[in-house]
Amino acid sequence: MLNEQQITKLLERIIDPVLEATLLETDGIIEVSATEVGTTLEIALADPEQQTEEFTTNITDLLSQFGHEEIHLELSYLPTSKVEKIIEGRNNILSPESKTQFIAIASGKGGVGKSTIAANLAVSLRRLGKKVGLLDADIYGFSLPVLLGTSESPTTKDEKIIPVTTYGIQLVSMESFVDEGEPVIWRGPMLGKMIKMFLEDVMWDAPDYLIIDLPPGTGDVALDIHTLLPSCNEIIVTTPHHAAATVASRAGIMAQKNNHHILGVIENLSYYLSESGEKIYLFGQGGGEKVAETLKTELLMTFPIEQPEQNKNGYLSGIYEENTPHGDHFLTLAKKINQHL
């Protein structure tokens with residue numbers, strides 16, 4: 001049989017079924033008493049009347065493996081203030097309680113398909129059952145709403161911005177904060193304020209992953225992201241062309257200097273597959289391998305040139321559907337990223 005300290009250690013790993021947090025995180029273990037007569041436990045939950053049958057069974061099954069047969073389990077309510085703090089911490093993606101993983105999509109040059117990669121990776125992670133947020137941090141060249149086929153604008157609640165939901169993912173973009181067709185003509189300090197607002201003043205619904213579409217290069221926005229997010233993963237996007245690879249490496253080196261973790265490199269627009277099955281390398285070869293070698297990381301994927309299908313409005317969608325070659329490629333990428341993190 002286990003002593004009280006050992007029982008407590010075991011119980012700390014059990015998940016509160018409502019908060020989806022461990023009893024260690026919720027301070028939900030109120031009392032543990034183990035005697036020859038039996039084992040008495042008092043555990044506080046967010047709502048001890050919801051989903052508790054499986055919770056109780058898990059505990060009794062776990063302790064019975066160690067010879068504890070007489071188990072008396074009492075469930076009580078966590079203090080409301082504690083529950084609210086945990087929920088608020090979850091929704092504040094910058095708080096220590098948040099379990100959100102940040103993935104920034106970066107490139108050296110524009111036009112390499114970085115935003116398309118960001119949008120399709122977000123959708124593919126959602127297809128894996130993950131909660132995903134997508135932040136369009138390309139202040140001057142925002143394009144994610146168009147790629148995702150939405151013209152909705154965020155709403156507000158209690159002075160917080162509520163993201164648009166499309167393809168099952170939470171989306172915030174600069175497009176929602178400027179008049180249609182108007183360019184953004186801002187200097188550095190204003191860019192920093194906007195990025196800070198997107199991270200702090202948006203009511204993100206505790207996403208597992210927040211995908212951040214960075215502007216190309218190593219300018220103010222990338223610096224602000226590196227400052228605001230001490231811990232961030234990055235994917236570097238390039239084409240096979242030597243020029244694109246050279247400047248993409250600079251974006252990766254900047255991330256490394258700011259102690260961000262490079263997940264790997266994606267080579268986009270790698271080749272065109274002709275009807276006869278011949279690979280035609282329109283932009284040369286080897287750019288992705290060159291960047292990966294420079295950054296001492298792996299080449300995650302190479303994406304050929306493939307046209308998506310027209311959507312119901314007659315436009316080419318930016319999202320590749322499931323069970324298409326590109327859709328399968330993005331699902332493979334999402335699985336790789338999910339395994340990494």
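This is a predicted model: local features need pLDDT of at least 70, side-chain atom pairs count only at pLDDT 80 or more; totals for chains, interfaces and linings use all residues.
Q: Let's start inside. Which residues of the largest nonpolar core touch the most other members?
A: They are I105, L121, L134, I211, I235 and L333, out of 33 residues in that core.

Q: Which helix gives the largest share of this core?
A: Helix α5, residues 114–127, with 7 residues.

Q: And what does L333 touch, leaving out residues up to four places away in sequence?
A: L333 touches L121, I266, L300, M301 and F303. L121 and L333 are both among the core residues that touch the most other members.

Q: How many residues are in the second, separate core?
A: The second core has 30 residues, including A137, F198, A248 and I262.

Q: Why would nonpolar side chains collect like that?
A: In soluble globular proteins they tend to be buried together.

Q: Now charges. How many salt bridges does the structure hold?
A: The structure holds 4. One of them joins the side chains of K99 and E25, at 3.4 Å from N to O.

Q: Where do K99 and E25 lie?
A: K99 is in the loop between α4 (80–91) and β4 (101–107), while E25 is in helix α2, residues 23–26.

Q: Which residue forms a salt bridge with D27?
A: K82 does, with the closest N and O atoms 3.1 Å apart. This pair also links distant parts of the chain, since D27 is in the loop between α2 and β1 (29–34) and K82 is in helix α4, 55 residues apart.

Q: Is D27 buried or exposed?
A: D27 is exposed, because its relative accessible area is 52% and the cut-off for exposed is over 50%.

Q: What about K131, which residue does its side chain meet in a salt bridge?
A: The side chain of K131 meets that of D205, at 3.5 Å from N to O. K131 lies in the loop between α5 and β5 (132–136) and D205 in the loop between α7 and β10, so the pair ties together parts that are 74 residues apart in sequence. K131 is partly exposed at 34% relative accessible area, and D205 is partly exposed at 41%.

Q: Change of topic. Which residues make the nonpolar surface patch?
A: Y272, I280, L282 and F283 make a patch of about 360 Å².

Q: Where is F283?
A: F283 is in the loop between β14 (279–280) and α10 (287–295). Its relative accessible area is 35%, so F283 counts as partly exposed.

Q: Is K296 buried or exposed?
A: K296 is exposed, with a relative accessible area of 76%.

Notes
Residues are numbered from 1 along each chain as its sequence is written. Side-chain values use heavy atoms; hydrogens and water are left out. Patches are made of residues with over 30% relative accessible area and no salt bridge: like charges are joined within 9 Å, nonpolar side chains (Val, Leu, Ile, Met, Phe, Trp, Tyr) within 5 Å. Accessible areas come from the Shrake-Rupley method with a 1.4 Å probe; for residues, only the protein chains shown count as cover. Helices (H or I, at least four residues) and strands (E, at least two) are DSSP runs, numbered from the N terminus. Buried means under 20% relative accessible area, exposed over 50%, partly exposed in between (1.4 Å probe, protein chains only). A nonpolar core is a set of buried Ala, Val, Leu, Ile, Met, Phe, Trp, Tyr and Cys residues joined through side-chain atoms within 4.5 Å. Contact means heavy atoms within 4.5 Å.
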